[in-house]
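Thanks for coming, everyone. Let's take a quick look at one chain together. Here it is on the screen.

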Amino acid sequence: MQASARLAGAGLLLAFLGALGCAGRAPGLSMAEGDTLISVDYEVFGRVQGVFFRKYTQAEGKKLGLVGWVQNTDQGTVQGQLQGPISKVRHMQEWLETRGSPKSHIDKANFNNEKVILKLDYSDFQIIK
């Protein structure tokens, strides 16, 4: 097999795995792959309402240059959507899982519907009331 054919095949595999969300945390990703735009939905469980969690989430998202939204749910969780470069979204996912607002206590964070996107659906990071 020619080197160019192998490289093309590897590129297709990376694109496919990226679309499935499998390659996002793999070590050794190049900067170009880290700039792929992704969208992911999230829900955070624990003491995350009444502790300025949405405000801190919006501020952290904006600091990272992400777009999307965050809102409280009737079940006492916080949910939302993140969009931006994969490297920045990964950083925000870690923040949602481990840090949050100073007075919050995070039990767990779920991430769903991760997909590669060609363009951002939002222009800012919004708090939905």
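In which strand is Asn72 found? Asn72 is in strand β2, residues 67-72. Helices and strands here are DSSP runs, numbered from the N terminus: helices are H or I with at least four residues, strands are E with at least two.

A word on the ground rules. This is a predicted model, with residues numbered from 1 along each chain as its sequence is written. Local features need pLDDT of at least 70, side-chain atom pairs count only at pLDDT 80 or more, totals for chains, interfaces and linings use all residues, and side-chain values use heavy atoms, with hydrogens and water left out.

How confident is the predictor? pLDDT is its confidence in each residue, from 0 to 100. The chain's mean pLDDT is 84, and 74% of its residues reach 70 or more. Over residues 3-14 the pLDDT is below 50, and beyond near neighbours in sequence that stretch has three contacts in the model. Residues 22-31 are also below 50, with eleven such contacts. Contact means heavy atoms within 4.5 Å.

The UniProt annotation "active site", from an unreviewed entry, covers Arg54 and Asn72. They are spread over 19 residues of sequence, yet they cluster in space: the largest C-alpha distance is 7.7 Å. UniProt positions are in the numbering used here, feature names are shortened, and annotations may be inferred rather than shown by experiment.

Where is Arg54? Arg54 lies in helix α3, residues 53-64. Leaving aside neighbours within four places in sequence, Arg54 contacts Val70, Gln71, Asn72, Val78, Ile127, Ile128 and Lys129. Asn72, with residues up to four places away not counted, touches Val48, Gln49, Arg54, Thr77, Val78 and Ile128.

Now exposure. Buried means under 20% relative accessible area, exposed means over 50%, and partly exposed is in between, using a 1.4 Å probe and protein chains only. Arg54 counts as partly exposed because its relative accessibility is 21%. Asn72 is partly exposed too, at 28%.

Is Thr57 buried or exposed? Thr57 sits in helix α3. Its relative accessible area is 0%, so Thr57 is buried. Not counting residues up to four places away in sequence, Thr57 touches Tyr42, Val70, Met92, Trp95, Leu96 and Phe125.

Last one: Phe52. Phe52 is in the loop between β1 (37-47) and α3. Phe52 is exposed because its relative accessible area is 59%. Its C-alpha is 9.1 Å from that of Gly100, 48 residues apart along the chain.

Terms used
pLDDT is the predictor's confidence in each residue, from 0 to 100.
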